[in-house]
Amino acid sequence: FVSSAAKPPPAALRGGTPLCWPQFASKGAGPKHGFARTSSKWKVLGSSIEPAPTVTFELCDDDDTQAAFPSKFRVLYHITLPSDSELTIAMQVMNKGEEPFEFTTALHTYFRVPSIGAVSIDGLNGITYEDSAAPLDADGKPPRVVESSEQVRIAGEVDRVYLGAPDRLTLQDGTDTIHLLSQGFKDAVVWNIGAEKATAMDDLGAGEWENYVCIESAVVDKPVKLQAHGSWMGGVTYTLASPQ
């Protein structure tokens, strides 16, 4: 999904798979969702067609990033098409400095759906989630709730971080079934803005809140702590199930 009202750079794209790094949302001192998703400094590092079509992008620290995130880093972003029905996205973060640093991250994937009311997500029953759409609790934090539904349905605004989510989830939209297999990401985010707040978003077309759902492979609850010269990698494969 990409919004018909999406803004050009340097605005963040309302659609696709924005890379939230080095922080998710406002969980850090930098800009919301970090600077990677809006950076103009990404470079194409390489591409290949064997064994599967792949392109790799690279982002490295510079004077601009040091102001928001004072660490030396290298991020690689790989996009691969293993088959006609699969898409794999992977990211690798390397600490190029002498001091450890921490980060949170998410692959903020937007899925186009015929109608948000037909969406169901399997695999999250029994998982505790942080409900960012609910009023803050007595400690000023989003309340935590245990998911009690076998299938998560979207009604109104939904903004949840499922903590310690399983690697495998399934999205059904009444037409298609998509299987998600994550590696390295410990949490999962489910988000739809809902009708009430959608009108305030100038980069979302009229009524388009009904035609997307975000299911994001993420590290939110417990940041990655990357030691000097260390490396971390996470990825997700989306597989479109064959029609029955």
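## Aromatic pairs

Phe-101 and Phe-103 are both buried. This is a predicted model. The two rings have their centres 6.3 Å apart and their planes at 50 degrees, so the pair counts as tilted. Rings with planes over 60 degrees apart would count as edge-to-face.

Phe-103 has another partner, Trp-232. Here the centres are 5.5 Å apart and the planes stand at 75 degrees, so this pair is edge-to-face. Trp-232, like Phe-103, is buried. Phe-103 belongs to strand S6 (residues 101–107) and Trp-232 to strand S17 (residues 231–240), so the contact ties together parts that are 129 residues apart in sequence.

How many aromatic pairs does the whole structure hold? The search finds 19. Ring pairs join Phe-101, Phe-103 and Trp-232 into a cluster with Trp-21, Phe-35, Phe-69, Phe-73 and Phe-185.

## Nonpolar cores

The largest nonpolar core has 53 residues. Which of them touch the most other members? They are Trp-21, Met-91, Val-93, Tyr-162, Leu-171, Tyr-212 and Trp-232. Trp-21 and Trp-232 also belong to the ring cluster. Strand S16 gives this core its largest share, seven residues.

A second core is separate and has nine residues. Among them are Ala-106, Val-161, Leu-163 and Val-220.

## The cavity

Rolling a probe the size of a water molecule over the atoms shows where empty space is left. One cavity of 30 Å³ or more is found. The volume of this largest cavity is about 90 Å³.

Its lining is made up of Ala-165, Pro-166, Asp-167, Leu-169, Leu-180, Ser-182, Phe-185, Asp-187, Ala-188, Ile-215, Glu-216 and Ser-217. Strands S14 (177–183), S15 (187–192) and S16 (212–226) each give two or more residues to the lining. S16 provides the largest share, three residues. By class, the lining has seven nonpolar, two polar and three charged residues. Phe-185 is one of the lining residues, and this ring is also part of the aromatic cluster.

The largest pocket holds about 500 Å³ of space. It is lined by 26 residues. Which lie closest to its centre? Ala-25, Lys-32, His-33, Asp-159 and Trp-191 do. Strands S12 (158–162) and S15 each supply at least two residues of this lining. S15 also gives two or more residues to the lining of the largest cavity.

Conventions. Residues numbered from 1 in each chain as written. Predicted model: local features only at pLDDT ≥ 70, side-chain atom pairs only at ≥ 80, totals over all residues. Heavy atoms only, no water. 1 Å grid on protein atoms, 1.4 Å probe; cavity = no way out; pocket = protein on both sides within 12 Å on 5 of 7 lines; lining within 4 Å. Points joined across faces, edges and corners; volume = space filled by probe spheres on them. Helix = DSSP H or I, 4+ residues; strand = E, 2+ residues; numbered from the N terminus. Nonpolar A, V, L, I, M, F, W, Y, C, P; charged D, E, K, R; others polar. Phe/Tyr/Trp six-rings, centres within 6.5 Å; stacked < 30°, edge-to-face > 60°. Buried < 20%, exposed > 50% of the residue type's maximum accessible area, 1.4 Å probe, protein only. Core = buried A, V, L, I, M, F, W, Y, C linked by side-chain atoms within 4.5 Å.
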